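My plan was to look things up one by one and write down what I found.

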Amino acid sequence: MTGPHPDTGVHGVPALDPQQLGAYFVLMEAVSLLQYQVEQQLRTEGGLSYVQFQLLARLADAHGQLTMTQLADGVVYSRSGLTYQAGLLEKAGLIARTPSSEDERATLVTITGTGRALFDRVLPGHVQVVRRLLFDPLTGDDLHHLGDIMTRVRDHMRAQPPRSAAPRKRRPSPTFPPPAATQA
């Protein structure tokens, strides 16, 4: 019987070894469980999505205005999605957006007093969820190693070209008008 080498997966791509596969599944499950609990807490206590919380957190930490580009740099989200989320926060009175007087292409974003109060209200519950689920089972050494490992992984991922830089796959364009059906 001939077939692909046992270490070769689909289309000749090497398969993940059992340790890699196990680490991948554990990581994805842990992230999903944490994300679910964080989202639940933010929705229950503040009516916020995680992305909205991230935006408020970055603005609260900035102690001033940020451009939409500066906000986008720290949030892993599409630009259009980020603009939509900022619009929802603005409509709710949690942020204010104004055009930049220095750069006509830039929009400046500021957290409002209402936004700051909401952020301050949900932050303690957020910290409790993260501490309970992520940090409580870890020792100091574990935390150091996890931080080091995830920093390397994140930096590696961020060094890759962004999705927006990838060439788009082109679909063959339909022919108009459609070719006439051949008759037998």
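These are my entries, from the whole chain down to single residues.

**Ground rules**

I am working with a predicted model, where local features need pLDDT of at least 70, side-chain atom pairs count only at pLDDT 80 or more, and totals for chains, interfaces and linings use all residues. Residues are numbered from 1 along each chain as its sequence is written, and side-chain values use heavy atoms, with hydrogens and water left out.

**Entry 1: the whole chain**

I started with the elements. I found six helices and three strands in the protein. Helices (H or I, at least four residues) and strands (E, at least two) are DSSP runs, numbered from the N terminus. I read their order from the N terminus as α-α-β-α-α-β-β-α-α.

Next I looked up burial. Of the 184 residues, 22% count as buried. Buried means under 20% relative accessible area, exposed over 50%, and partly exposed in between, with a 1.4 Å probe and protein chains only.

Then I checked contacts, meaning heavy atoms within 4.5 Å. I took those between residues at least 6 apart in sequence, and 53% of them join residues at least 24 apart.

**Entry 2: the sheet**

In what order do the strands of the open sheet lie? I noted β1-β3-β2, with antiparallel pairing. Two strands pair if DSSP finds at least two bridges between them.

The strands β1 (66–67) and β2 (95–99) stand at the edges, each with a single partner strand, so one side of each has no neighbour in the sheet.

I then went through the bridges. Two of them join β1 to β3 (residues 107–111). T67 stands opposite L108 in β3. Five bridges join β2 to β3, and this pair also runs antiparallel. R97 has V109 in β3 as its bridge partner.

Two packed helices are given by the angle between their axes and the distance between the axes. Axes are lines fitted to C-alpha atoms, for helices over the stretch in contact, and angles run from 0 to 180 degrees between N-to-C directions.

Helix α1 (residues 18–46) packs with α5 at about 155°, and the axes are 9 Å apart. That makes α1 roughly antiparallel to α5. The cut-offs are under 35 degrees for roughly parallel, over 145 for roughly antiparallel, 65 to 115 for roughly perpendicular, and oblique for the rest.

I looked up the hand of the crossing and found it right-handed. A crossing is left-handed if the near helix is turned anticlockwise from the far one by less than a right angle, and right-handed if clockwise.

On the α1 side, the residues that meet α5 include L34, V38 and L42. Their counterparts in α5 include L118, V122 and V129. By class, this contact has nine nonpolar, five polar and three charged residues. Ala, Val, Leu, Ile, Met, Phe, Trp, Tyr, Cys and Pro count as nonpolar, Asp, Glu, Lys and Arg as charged, and the others, Gly among them, as polar.

**Entry 3: α2 against α5**

Helix α2 (residues 50–62) and helix α5 (residues 113–135) pack at about 115°, with axes 10 Å apart. They are therefore roughly perpendicular to each other. This crossing is left-handed. Among the residues in the contact are F53 and L56 of α2, and F119 and L123 of α5. I noted eight nonpolar, two polar and one charged.

Is Q54 buried or exposed? Q54 is buried, at 18% relative accessible area. Q54 lies in α2. Leaving out residues up to four places away in sequence, Q54 touches G74 and V75.

R116 is in α5. R116 is partly exposed, at 32%. Beyond its neighbours within four places in sequence, R116 is in contact with A60 and I111.

H63 sits in the loop between α2 and β1. H63 has a positive phi of about 55°, although it is not a glycine. H63 counts as exposed, at 69% relative accessibility.
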